[in-house]
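Please open the model in your viewer and keep the selection tool at hand. The stops below go one selection at a time.

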Amino acid sequence: MADKTRFVYHGHSNVEIHHGKHVVQLDPFYTSNKLADIKADKAKPHFILLSHAHFDHTEDVEAIAKRTNAMVICNYEMSVYFEKKGVQRTHGMNHGGGYEFPFGHVTLTLAFHTSSFPDGAYGGQPAGLIIELQNGPTVYFAGDTALFGDMKIIGKLWDIDLAFLPIGDNYTMGPDHAIIAAKWLQCSAVVPVHYNTFPEITQDAEVFAKRLKKKTGIRGLPLKPGESVEF
Ligand code: NI
Ligand code: MN
């Protein structure tokens with residue numbers, strides 16, 4: 001029996017995965033994140049996974065990586081960007097490619113969005129992440145994205161236990177499209193992310209979870225910042 005994996009939500013799309021002895025940080029965003037329950041200097045990841053370059057997903061990467069020596073795993077362009085900033089351990093990938101890391105297997109999938117750093121540097125193409133945790137659950141972290149038809153293929157290629165889907169609308173899909181996404185992905189549960197951080201992405205995650213259950217039978221797990229769920 002595999003150990004349980006714990007997913008901690010820090011508001012926005014900032015998620016920490018505790019899997020065995022590994023801590024894997026997804027899209028760290030603490031400093032300008034009014035919902036964050038902790039400060040960036042409390043984060044102690046071994047690996048940092050990134051969906052795209054926008055500040056609300058990468059703001060604290062450089063500081064955390066330099067302090068912890070965490071490996072930054074992301075698309076090739078972002079890996080070069082962080083190398084130039086002096087980050088010691090990076091691993092560049094690209095869409096459709098997968099790689100076996102100590103905690104599990106990561107594949108970059110498509111995301112329909114944009115990707116540039118706050119300083120204007122090109123951030124490559126945005127991605128979603130499939131994370132097949134070793135002897136653990138399979139996670140789909142959609143990143144920032146619109147609904148797109150290939151989510152049906154992602155649902156066929158992987159047996160997804162837990163999907164992190166944006167519901168904020170305006171910059172990403174909203175609740176209605178996230179419900180369709182969950183259906184296409186055939187995932188077991190959804191944690192809604194990327195909402196309530198900014199006025200233009202205000203949503204009610206409890207209402208989303210109820211509608212998701214009613215329309216698809218899929219469990220919604222609206223987490224408050226600092227809360228976690230085990231799988
Ligand atoms: Ni974005
Ligand atoms: Mn974003």
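What follows is a tour from the metal site out to the rings, a helix and some single residues.

This is a predicted model, in which local features need pLDDT of at least 70, side-chain atom pairs count only at pLDDT 80 or more, and totals for chains, interfaces and linings use all residues. Residues are numbered from 1 along each chain as its sequence is written, chains are lettered from A and ligands numbered from 1 in the order in which they are written, and side-chain values use heavy atoms, with hydrogens and water left out.

**Stop 1: the nickel ion**

Select the nickel ion (ligand 1) and show H52, H54, H113 and D144. These residues donate through NE2, ND1, NE2 and OD respectively, at 2.2 to 2.3 Å from the metal. Donors here are N, O and S atoms within 2.8 Å of the metal (3.2 Å for Na, K and Ca); water is not among the atoms, so sites may look incomplete. The angles among the four donor atoms run from 90 to 178°, and the nickel site is classed as irregular. Under the rule used, four donors are tetrahedral if all angles lie between 85 and 135 degrees; four are square planar and six octahedral if opposite donors are over 155 degrees apart and all others between 65 and 115; anything else is irregular.

Along the chain, the nickel donors have the spacing H-x1-H-x58-H-x30-D. H113 sits in the loop between strand 8 (104-110) and strand 9 (127-133), and D144 in the loop between strand 10 (138-141) and helix 4 (151-157), so this pair ties together parts that are 31 residues apart in sequence. Helices (H or I, at least four residues) and strands (E, at least two) are DSSP runs, numbered from the N terminus.

**Stop 2: the manganese ion**

Which residue bridges the nickel ion (ligand 1) and the manganese ion (ligand 2)? It is D144, and the two ions lie 3.1 Å apart. D144 is buried, at 2% relative accessibility. Buried means under 20% relative accessible area, exposed over 50%, and partly exposed in between (1.4 Å probe, protein chains only).

D56 belongs to helix 1 (residues 55-58), while H194 is in the loop between strand 12 (189-193) and helix 6 (205-216), so the pair ties together parts 138 residues apart in sequence. Both D56 and H194 are buried.

**Stop 3: aromatic rings**

Rings of Phe, Tyr and Trp (its six-membered ring) pair if their centres lie within 6.5 Å; planes under 30 degrees apart count as stacked, over 60 as edge-to-face and the rest as tilted. By this rule there are eleven aromatic pairs. One of them is F29 with F55, edge-to-face, 5.7 Å centre to centre and with 90° between the planes. F29 lies in the loop between strand 3 (22-26) and strand 4 (47-49), and F55 lies in helix 1, 26 residues apart. F29 is buried at 0% relative accessibility, whereas F55 is partly exposed at 37%.

Y81 is buried at 16%, and F82 is buried at 3%. Then select F7, F141, F164 and F231, which form one aromatic cluster.

Finish this stop at W184: the charged end of K152 sits over its ring, 4.6 Å from the centre. The test is NZ of Lys or CZ of Arg within 6 Å of the ring centre and within 35 degrees of the ring normal.

**Stop 4: helix 6**

Colour A205, F208, A209 and L212, the buried residues of helix 6. They cover an arc of only 100° around the axis, which puts them on the same side of the helix; the arc is that of the directions from the helix axis to the C-beta atoms. On the other side, K210 and K214 are exposed.

**Stop 5: two positive phi values**

Most residues other than glycine have a negative phi. H12 has a positive phi near 60°. H12 is in the loop between strand 1 (6-9) and strand 2 (15-19) and is buried at 0%. N170 has a positive phi near 70°. The loop between strand 11 (162-166) and helix 5 (175-185) holds N170, which is exposed at 52%.
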